[in-house]
Amino acid sequence: MADTQVLEVRNPRTGKADHSITVASREEVAEKAARLRAAQPAWEAMGVGARCAVMARWLGAVKARAADIGEADAVDTGGCHTSYIQGFITMGNIGGWLEDAPKAFADLEWQGMSSSMPSVEVESQVVAYPLVGVISPWNAPLMLALLDAIPALFAGSAVLLKPSEVTPRVIETLFETVAEVPELAAVFDYVAGPGQVGQAVIAEADTICFTGSVPTGRKVAVACAERLIPCNLELGGKDPCIVTETADLDRAATAVLRGAVYATGQVCYSVERVYVHESVHDAFVAKLVEKAREVRLNVENPRAGHIGPFTFAPQAAIVVCHLEDAKAKGAQVLTGGEVEDLGGGLYMRPTVLTGVTHEMEIMQDETFGPCLPVMAYKDTEEAIRLANDTHFGLTASVIAGTAEEAKAIGRRINAGGIFLQDTFLTFAKLRTFGSDSFGWSGYGAPRIGPESLRRFLRRKSLLTQTGPVPDIRDDHHLGTKA
């Protein structure tokens, strides 16, 4: 039997290890997977109505612990404003599916006569994947895990979650609420640890949902392909924002700043590239720099400042590498640009750069930090070409003089979510509709909207012959006379 492995967990505000997790062994993953798989048929057989009743009880348990969940998320991430409302976001996620799941199932059901064989009655059946594996990242650790886990549970699947080893506290708190609902605890569990634990989950599950980096996503896709199981991947972005010469520059600077530095830029749909018409470039940059200098770090009080520390210490080093590469190739840093060790936490102030080109890493690779590289363009065609000059395609933003002008540009950008006259609008599409990822930003069905339930269901057709059975001897048309 392998020795128990314990990992220390760093506090992003102090830089010290103040928590630990026990790494799940390969045997433990297999045992939990087997237990979940054994309980899943009864969970699915309950039907969506009975599952909704169980999930409503869980909603009550989450409501009672919403503040605790938010506090745990804040410790994990370092104190992003969104962390403190994660318990309430989870409540909204569960409550939304309580409304949407019955209709989603009804929309998947069909019964009628075949149009090609009129004597055959066709009836649909949807069958859940028995065990869904969810592998979630360290940024927004609760929200991104539950975007997959909650609809999978409503679909009738069992779920085995592997959270990031960087941010395990909030998941531990969440599962205290799961334990209060025995029927749910029978089909929802988690395993802790680094990459090898995720590999073990892939080896046991029937389908995988992964959120993380492109290199790891490729490995997940290959591992799933080897087992011939489906996977859904969300792999980040390098999201552009175009500011036209007709735009309200104050509005544009406000939107771009928030879109780029919210949560210290550690959001997959953060603004990471800014393209501004050359006629207003300098004026826009001046406004952006002015606003950027007013942003406060939340060193003293995580609830008082505007942005917090890097959640994952190695991410700070990646951002520095991008900045050094940009400066070496001629970029100018107008604000920020330095990692500050403040009480053990690693912080960076909003960092505005000009003189950037697409030969720089900061305009090509995902930076995941509070950086705003601004590049001038000559005309709309060049702006669109630059925005589309990327391997990614998660979201994009356009800010113009009118919504019509912005929409005309947005329709030509290769990204799944296009934000017009603002940035950071992803939450507006929750429950209503989803969107696909373009390029390297993801693979598989949308994870947002009622159709996202379909990821966890397989459709069967039950075909009943209501007329005479055709006799092969009557199929004269199948042959020809000699």
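# Buried residues, ring pairs and strand order

User: Why does Gly-78 count as buried?

Analyst: In this predicted model, Gly-78 has a relative accessibility of 0%. The cut-off for a buried residue is under 20%, so Gly-78 counts as buried. Gly-78 belongs to the loop between H3 and helix H4 (86-108). Its C-alpha atom is separated by 32 Å from that of Thr-207, a residue 129 positions apart along the chain.

User: What makes H3 and H6 roughly antiparallel to each other?

Analyst: Helix H3 (residues 66-77) and H6 pack at an angle of about 160 degrees, and their axes are 7 Å apart. Angles over 145 degrees count as roughly antiparallel, and the two helices are therefore placed in that class. The crossing of H3 and H6 is left-handed.

User: Why is the pair of Phe-175 and Tyr-190 called tilted rather than stacked or edge-to-face?

Analyst: Rings pair if their centres lie within 6.5 Å, and planes under 30 degrees apart count as stacked, over 60 as edge-to-face and the rest as tilted. By this rule there are eight aromatic pairs. Another tilted example is formed by Trp-138 and Phe-312, at 5.6 Å centre to centre and with 45 degrees between the planes. That pair links distant parts of the chain, with Trp-138 in the loop between strand S5 (131-135) and helix H5 (141-155) and Phe-312 in the loop between helix H11 (281-292) and helix H12 (313-328), 174 residues apart. As for Phe-175 and Tyr-190, their centres are 4.8 Å apart and their planes make 40 degrees, a tilted pair. Phe-175 lies in helix H6 (residues 169-178) and Tyr-190 in strand S7 (residues 188-190), 15 residues apart.

User: How do you know that Trp-138 counts as buried, and why does Phe-312 count as partly exposed?

Analyst: The relative accessibility of Trp-138 is 13%, whereas that of Phe-312 is 29%. Buried means under 20% and exposed over 50%, with partly exposed in between. Trp-138 is therefore buried, and Phe-312 is partly exposed. For Phe-175 the value is 11%, so Phe-175 counts as buried.

User: Which residues form one aromatic cluster with Phe-175, and what makes Lys-32 count as lying over the face of Tyr-190?

Analyst: The cluster is formed by Trp-58, Phe-175, Phe-188 and Tyr-190. Lys-32 lies over the face of Tyr-190, at 5.6 Å from the ring centre. The distance limit is within 6 Å, and a second condition requires the charge to be within 35 degrees of the ring normal. The charged end of Arg-458 likewise sits over a ring, that of Tyr-129, 4.5 Å from its centre.

User: What makes S12 and S19 the edges of the open sheet?

Analyst: Seven strands form the sheet in the order S12-S15-S16-S11-S10-S18-S19, with mixed pairing. S12 and strand S19 (417-420) each have a single partner strand, so one side of each is left without a neighbour in the sheet.

User: How do you know that S12 and S15 pair, and in which sense do S15 and S16 run?

Analyst: Pairing requires at least two bridges. Strand S12 (residues 332-333) and S15 share two bridges in the antiparallel sense, and Gln-332 has Thr-354 as its bridge partner in S15. S15 and strand S16 (residues 371-377) run parallel and are joined by three bridges, with Val-352 opposite Leu-372 in S16. Strand S11 (residues 271-277) is joined to S16 by four bridges, again in parallel; there Val-274 has Val-374 as its bridge partner.

User: Which way do the residues of S15 point?

Analyst: In strand S15 (residues 351-354), Thr-351 and Leu-353 point one way and Val-352 and Thr-354 the other way; all are buried.

User: Why do Phe-368 and Gln-421 count as buried, and what is the phi of each?

Analyst: Phe-368 has a relative accessible area of 10% and Gln-421 a relative accessibility of 14%. Buried means under 20%, so Phe-368 qualifies, as does Gln-421. Phi of Phe-368 is near 60 degrees, a positive value in a residue other than glycine; Phe-368 is in the loop between S15 and S16. Phi of Gln-421 is near 65 degrees, also positive in a residue other than glycine, and Gln-421 is in the loop between S19 and strand S20 (438-439).

Key:
Residues numbered from 1 in each chain as written. Predicted model: local features only at pLDDT ≥ 70, side-chain atom pairs only at ≥ 80, totals over all residues. Heavy atoms only, no water. Buried < 20%, exposed > 50% of the residue type's maximum accessible area, 1.4 Å probe, protein only. Phe/Tyr/Trp six-rings, centres within 6.5 Å; stacked < 30°, edge-to-face > 60°. Axes fitted to C-alpha atoms, helices over the stretch in contact; angles between N-to-C directions. Parallel < 35°, antiparallel > 145°, perpendicular 65-115°, else oblique. Left-handed = near helix turned anticlockwise from the far one by under 90°.
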